[in-house]
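My entries follow in the order I made them.

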Amino acid sequence: MKTLKLGIAGLGHVGCGLVDLVQRQDSLRLPGKVEIAGITARNRSRNRPVNVEDYKWFDDAARLAADDSVNVFVELIGGSDGPAKVAVETALKSGKAVITANKALIAMHGQELAELAREQGVDLLFEAAVAGGVPVVRVLRDSLAGVDVRRVTGILNGTCNFLTTEMLATRRTYESVLAEAQRLGYAESDPTLDVSGMDAAHKAAILAAIAFSADLDFSKVSVRGVEGVELLDLDLADRLGLRIKLIAEGKITSDGVVCRVEPYALPVNHPLARVNGSLNTIRIEGDPLGAVTLTGPGAGPGPTASAVMGDVAKLFNPIARPAFGRADHHDVRKFVMAEPDEKSAYFVRVRLRDRAGSLAELTEALADAGVSVDKLLQDSADDDGAAPIAIVTHICSRREIGIARERLESLESNIGTPQIMAIEASAD
Ligand code: HSE
């Protein structure tokens, strides 16, 4: 029976989760035996939930990657550059298969690493980099290879989805719910990566590159996070039949691949609107499939370690596939910036000074930008004399709503930063 010998770099939550799975592999469905040939981490003496004393210790990840005893290098260090990248390159150059959970590394350097893996004829696998335990990477790359994918949408950050769900459900502040997400281990060690939308953007770019056979170009991905979203926004949207969520989208246009992450307002009956808490979900639409949706735990050590182990299981089959699934002869598409003519309805929330004429100024500013009001909701002013107003617009373009945003920000009666989000059309 074939034996795979892992070199595991990084013994945080996911690394320890993987060691645990290796130790109880007899209860899993692996097609062969897995051994741990060596380990490395930042701190050797730290208390860990698994016993790692019997494994050979390496002080340096690249040394581990190059060691003859290792035939599969597992990178769980994190970070787009630095030791993670050096070690992965070392492993690939030594002709070893690499498994990584590092979405930043794949989003920023996946293209060149995939090329290196192709030259060496080895696998570069990263199921755990996108949506934790949800098996989307190889489903998209392999199982759906017969589908002409047109659009991929999803909720790809558990922390942000937990934030927007829990703030509304428990009427707590952003800060208090984020602290809970950190306690529960959903958030990255630097939660700015989550709330800024960057973590979801890394994952969205990886999915878009696979789905559309595109050269991954992260500089063209537009990213906006949930930092500005308040309980007030969630509440007013709810009263207008909308749920605010951080949505990732990749789609094919006549110019190329558009990839973006931003908060959207979804009609409450939209399938993505019903995905709550730290769950992730990905909806893949294409021809002749129609649509398929995958939902599950997108964060946390157990689910993410299980995705790494799924990649280990794949390596018992020695046929290396291109990392992004694309053969050399395939037409390569390009990532492009979103076009400003793209149309949608919008959710707009402002706070205006409670005085005669404020509402008229607001509607005039919108009208000047070519934006027409469909629904409007105003509450009484708070103690500071600021009246919250929420609007659902008729369909308009990104260019028009951009002009509206500038006008609203400069209104004399405006207080604070207006919130503006595209409203996703109801799904079939
Ligand atoms: N911090 C991520 C999230 C999990 O909240 O979804 C790992 O990608």
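I began with the side chain of lysine 203, where an N or O atom is 2.8 Å from an oxygen atom of the ligand. I read this as a polar contact, which is a pair of N or O atoms within 3.5 Å; within protein, one must be able to donate a hydrogen and the other to accept it, and residues adjacent in sequence count only if both atoms are side-chain atoms. Taken alone, the ligand exposes 260 Å², and the protein buries 91% of that; the areas come from the Shrake-Rupley method with a 1.4 Å probe, and for residues only the protein chains shown count as cover.

The model is predicted: local features need pLDDT of at least 70 and side-chain atom pairs count only at pLDDT 80 or more, while totals for chains, interfaces and linings use all residues. Residues are numbered from 1 along each chain as its sequence is written, and side-chain values use heavy atoms, with hydrogens and water left out.

I noted two further ligand contacts. An oxygen atom of the ligand is 2.6 Å from an N or O atom in the side chain of lysine 103, and an oxygen atom of the ligand is 2.7 Å from a polar backbone atom of glycine 158.

I then listed the shell, taking residues with a heavy atom within 4 Å of the ligand: Lys103, Asn157, Gly158, Thr159, Tyr186, Ala187, Glu188, Asp194, Asp199, Lys203 and Ala299. These divide into 3 nonpolar, 3 polar and 5 charged. The classes are Ala, Val, Leu, Ile, Met, Phe, Trp, Tyr, Cys and Pro as nonpolar, Asp, Glu, Lys and Arg as charged, and the others, Gly among them, as polar.

I took helices (H or I, at least four residues) and strands (E, at least two) as DSSP runs, numbered from the N terminus. Why is β6 (residues 148-155) largely enclosed by the rest of the structure? I found that 6 of its 8 residues are buried, where buried means under 20% relative accessible area, exposed over 50% and partly exposed in between (1.4 Å probe, protein chains only).

Two strands pair if DSSP finds at least two bridges between them. β6 pairs in the antiparallel sense with β11 (residues 279-287) over 7 bridges, and threonine 153 has arginine 283 as its bridge partner there. β6 is also antiparallel to β9 (residues 242-252), over 4 bridges, with valine 152 facing glycine 250 as bridge partner.

β1 runs parallel to β2 (residues 33-40), joined by 7 bridges; isoleucine 8 has isoleucine 39 as bridge partner. Helix α1 (residues 13-23) has buried residues including Cys16, Leu18 and Val22. The buried residues of α1 pack against β1, β2, β3 (72-75) and α11 (301-314), by contact with heavy atoms within 4.5 Å.

Leucine 125 sits in β5 (residues 124-125) and counts as buried because its relative accessibility is 2%. Not counting residues up to four places away in sequence, I have leucine 125 touching Val98, Ile99, Thr100, Arg141, Asp311, Lys314 and Leu315.

Serine 358 is in helix α12 (residues 358-368) and is buried at 4% relative accessibility. A polar atom of its side chain lies 2.7 Å from the backbone oxygen of arginine 353.
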